[in-house]
Every structure is written in C-alpha cells, then in structure tokens.
Amino acid sequence: MVSFRIMGLRMIRKLPLVLILFLVSVTLFSQEAPAASSTILHYQFKEGPNGAQVASAVDSSVNHLDGAVHGVLTYSSDVIIGGGKFSLNATADVDYVVLAQTAGNAPLLNQTQAFSLTVFAKPTGGTALDVIGDLIAGKLITNGSGECLTTYGIFYSQPLQSFVAGVCGADGSARFVWSSHTFPQNTWHRVTMKYVTRQPVTTISLLVDGVAEGMIKVRSFPGPALGNAGFQVGAANFGCDTCQFRRNFVGFIDEVKLNGHLP
C-alpha cells in the first residue's frame with residue numbers, strides 16, 4: 001500500500017507506483033499549463049457602405065473595445081480576397097483609430113506573456129523617415145518623444161518595402177523584426193506578429209501571408225514597456241498628428257485582431 005498527496009489531499013490507494021507517478025505528473029502539468037488565448041479586440045470594418053465615413057471602429061469581440069476616429073476615415077470596397085465586403089481607407093496622411101487606455105482596458109491591451117497581432121494591409125504610400133516605417137496597428141507607450149515608443153506593433157517601411165514587427169522593452173531596448181522579402185505597394189497582405197515568453201527566452205516572430213519572414217530570440221527579456229497611451233490603427237502620432245516623427249500609414253487596413261490572455 002502506498003500513501004501519497006495530490007492537490008493537498010491525503011490519499012491511500014492500493015495502486016501501482018507507476019500509475020501514482022502518472023497521476024502526480026498530470027496534476028502538476030495541469031497546474032502549470034498556460035491559459036488559452038482569447039480574442040482581445042477585433043476591428044473588422046464591415047459596416048460600409050463604400051465611401052461612407054467611419055464613425056468609430058467597432059470591436060466585434062466580447063470586450064467591446066470600440067475605437068474613436070481622428071481625421072476622416074472612410075469605408076472602401078477595396079478588400080483582400082477572402083476578406084469582408086469593406087476595409088478601412090487610411091490613404092489620407094492624418095487619419096487613424098485610437099482606443100484610449102483606461103484603468104479598465106489596460107490589463108487587456110498591455111499583453112506581456114504570449115500574444116499575437118494580425119492585420120490585413122495594402123500600403124499605397126508612406127513616409128521615408130527611417131527603416132522602421134509607419135504604424136499599421138499597435139499599442140503605444142506614449143504619444144510624446146523618445147527612442148522607442150511602441151509597446152508592440154506592426155509597421156510598413158516604404159524605404160525597404162518591407163513589413164516590420166516591433167516591441168520596445170521595459171529596459172529601453174528596441175526589438176524589431178524586418179520581413180526577409182520585399183512587399184511592394186498596392187498589394188494586400190496578411191501580416192502577423194507573435195510574441196511568446198518561455199523563460200528565459202522570449203521569441204518575437206513575423207509572418208506575411210502565413211509564411212515566416214523573420215524571428216528573434218532574446219534571453220532574459222524584461223517584457224514590453226508599458227505606458228499610458230492607447231491602441232492605434234493607421235498612425236502613431238508621436239508628438240502630434242503632423243509632427244516630424246509621426247508614423248502615419250498610407251493605404252488600406254482590414255481585420256485588425258489582437259489575441260492574448262484575459263486578466
């Protein structure tokens with residue numbers, strides 16, 4: 001007869017030792033397994049009609065994280081094959097969606113362990129300030145100035161004609177992944193960034209149209225830097241909407257989706 005404990009309960013059974021070890025391992029695994037990923041927000045831009053002004057970005061997830069519109073955004077029938085009827089026309093220079101960070105939504109937006117961000121994007125222009133490019137969608141740290149101001153985000157670099165995934169670390173470091181292939185303007189693409197931490201290694205990867213385009217692994221990464229700015233689609237208005245260092249995406253955007261873990 002063997003005596004053992006599972007979940008704090010003393011149990012005495014006439015069981016083989018092999019079966020006992022199996023039960024203990026299953027219990028430990030179930031305690032350590034991470035929670036399943038959930039949809040944090042999902043902007044589908046499906047309301048339409050073509051050419052109509054977008055009043056707000058409607059979140060179809062259970063969290064109802066609707067975003068406010070700055071500037072003039074309209075619906076477009078220019079969509080990716082297999083997508084919805086409409087997309088977001090973000091071809092003007094100063095127009096974007098912003099979901100302001102609040103005490104209530106901060107735990108949802110500030111994902112730090114395992115999350116993914118996906119966008120459908122068709123760049124038609126852009127700035128040529130640097131190789132990081134213009135923000136398609138992501139969570140900002142601050143709208144002010146600094147070396148690295150994005151908690152996480154997906155960008156399009158016009159000078160390199162490449163997509164970029166970026167994370168700013170809590171230690172002030174900048175971790176960016178550029179697509180290994182070029183993606184000229186005027187074509188739709190599905191772009192995904194993935195962030196996974198399994199101590200002591202954090203992996204940041206970039207996929208375009210389901211194909212791996214780049215990956216970096218960082219040991220002992222302190223996690224993304226958090227701040228008081230919100231989640232934005234179509235621009236990163238660092239400083240102000242028309243300042244030198246703004247990152248206003250020019251093109252069409254659809255199906256912005258953030259997956260992560262609920263608090």
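**Entry 1: His-64 and the loop around it**

I began with His-64, which lies in the loop between E4 and E5. Strands here (E, at least two residues) and helices (H or I, at least four) are DSSP runs, numbered from the N terminus. The model is predicted, so I kept to its limits: local features need pLDDT of at least 70, side-chain atom pairs count only at pLDDT 80 or more, and totals for chains, interfaces and linings use all residues. Residues are numbered from 1 along each chain as its sequence is written, and side-chain values use heavy atoms, with hydrogens and water left out.

I noted that phi of His-64 is near 55 degrees, a positive value in a residue other than glycine. Is His-64 buried or exposed? His-64 is exposed, with a relative accessible area of 59%. The cut-offs are under 20% relative accessible area for buried, over 50% for exposed, and partly exposed in between (1.4 Å probe, protein chains only).

I then looked up Ser-60, placed in the loop between strand E4 (56–57) and strand E5 (67–70). Ser-60 counts as partly exposed because its relative accessibility is 40%. Leaving aside its neighbours within four places in sequence, Ser-60 is in contact with His-42 and Gln-44; contact means heavy atoms within 4.5 Å. Its side chain makes a polar contact with the side chain of Gln-44 (3.2 Å). A polar contact is a pair of N or O atoms within 3.5 Å; within protein, one must be able to donate a hydrogen and the other to accept it, and residues adjacent in sequence count only if both atoms are side-chain atoms. I also checked Leu-41: Ser-60 and Leu-41 are 19 residues apart in sequence and 7.0 Å apart in space, C-alpha to C-alpha.

**Entry 2: strand pairing at E5**

I followed the bridges on either side of E5, where two strands pair if DSSP finds at least two bridges between them. E4 and E5 run antiparallel and are joined by 2 bridges; Ser-56 has Ala-68 in E5 as its bridge partner. E5 and strand E8 (residues 96–99) also run antiparallel, with 3 bridges, and Val-69 stands opposite Val-97 in E8.

**Entry 3: backbone exceptions**

I found a cis peptide bond from Gly-48 to Pro-49, with omega near -5 degrees. Pro-49 sits in the loop between strand E3 (38–43) and E4. The peptide bond from Gln-199 to Pro-200 is cis as well, with omega near 10 degrees, and Pro-200 is in the loop between strand E14 (189–198) and E15.

Gln-161 has a positive phi, near 50 degrees, in a residue other than glycine. I placed Gln-161 in the loop between E11 and strand E12 (162–168); it is partly exposed, at a relative accessible area of 30%.

**Entry 4: Thr-202**

I moved on to Thr-202, in strand E15 (residues 201–208). Thr-202 is buried, with a relative accessible area of 1%. Its side chain makes a polar contact with the side chain of Thr-197 (2.9 Å). Beyond its neighbours within four places in sequence, Thr-202 has contacts that include Tyr-195, Ile-216, Val-218 and Phe-221.

**Entry 5: aromatic pairs**

How many aromatic pairs does a search of the whole structure find? The search finds 8. Rings of Phe, Tyr and Trp (its six-membered ring) pair if their centres lie within 6.5 Å; planes under 30 degrees apart count as stacked, over 60 as edge-to-face and the rest as tilted.

The rings of Tyr-43 and Phe-45 are tilted, because their planes are at 50 degrees, with centres 6.2 Å apart. Both Tyr-43 and Phe-45 are buried. Phe-115 and Tyr-152 form a tilted pair, 4.8 Å centre to centre and 50 degrees between the planes. This pair links distant parts of the chain, 37 residues apart: Phe-115 is in strand E9 (residues 114–123) and Tyr-152 in strand E11 (residues 150–157). Phe-115 and Tyr-152 are buried. I noted that Phe-115, Tyr-152, Tyr-195 and Phe-221 form one aromatic cluster.

**Entry 6: cores and totals**

I looked up the nonpolar cores, each a set of buried Ala, Val, Leu, Ile, Met, Phe, Trp, Tyr and Cys residues joined through side-chain atoms within 4.5 Å. The largest has 44 residues, and those with the most contacts inside it include Leu-41, Tyr-43 and Val-256. E9 gives the largest share of this core, 4 residues. A second, separate core of 11 residues includes Ile-141, Cys-148, Phe-155 and Ala-229.

Last, I noted that the protein chain has 2 helices and 20 strands, and that buried residues make up 48% of its 263 residues.
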